[in-house]
Amino acid sequence: QVQLVESGGGLVQAGGSLRLSCADSGSTFATNHMAWYQQAPGKWRELVARITSGGSTNYADSVKGRFTISRDNAKNMVYLQMNSLKPEDTGVYYCNAKERDGLAWYDYWGQGTQVTVSS
């Protein structure tokens, strides 16, 4: 069973930085694809960044060049380094794990961490 716990959110001024962390308690972390999603007020949850089990990454256009996703398989951790933050980056950020079991993939979510960027 995968359990995800996020941390690192907070209040920051525009132009500032935050680093989000996500701890995965499961035993399959190294083979999981991991991602961060943002849910802005009044909007659907949207993909921000993804990192595969092999380390390939992709980003939403809105965060390219500002955010960096990384993982540490030895620590079962995934990170999101957020630089040059903008007010539109405000929202709850969720860690997501995709775990493969045979031919099926299963999604797991953390409880979310609030990021607020003031102008």
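Predicted model: local features only at pLDDT ≥ 70, side-chain atom pairs only at ≥ 80, totals over all residues.
**Disulfide**

The model holds one disulfide. Its partners are Cys22 and Cys95, with sulfur atoms 2.1 Å apart. A pair of cysteine sulfur atoms counts as a disulfide within 2.5 Å, so the pair Cys22 and Cys95, at 2.1 Å, meets the cut-off. The angle about the S-S bond is -85°, and the link of Cys22 and Cys95 is left-handed. The bond joins distant parts of the chain: Cys22 lies in strand S3, Cys95 lies in strand S9, and 73 residues separate them.

| Residue | Strand | Strand residues | Relative accessible area |
|---|---|---|---|
| Cys22 | S3 | 18-24 | 0% |
| Cys95 | S9 | 91-101 | 0% |

Buried means under 20% relative accessible area. Cys22 is therefore buried, at 0%, and Cys95 is also buried because its relative accessibility is 0%.

Strand S3, which carries Cys22, belongs to an open sheet of four strands. The order is S1-S3-S8-S7, with antiparallel pairing. Strand S1 (4-7) and strand S7 (67-72) are the edge strands. Each has a single partner strand, so one side of each lacks a neighbour in the sheet. On average, neighbouring strands of this sheet are turned by 15° against each other, direction ignored.

S1 and S3 run antiparallel and are joined by four bridges. Which residue stands opposite Cys22 in S3? That residue is Glu6.

Definitions and conventions: Residues numbered from 1 in each chain as written. Heavy atoms only, no water. Helix = DSSP H or I, 4+ residues; strand = E, 2+ residues; numbered from the N terminus. Buried < 20%, exposed > 50% of the residue type's maximum accessible area, 1.4 Å probe, protein only. Pairing = 2+ DSSP bridges. Axes fitted to C-alpha atoms, helices over the stretch in contact; angles between N-to-C directions.
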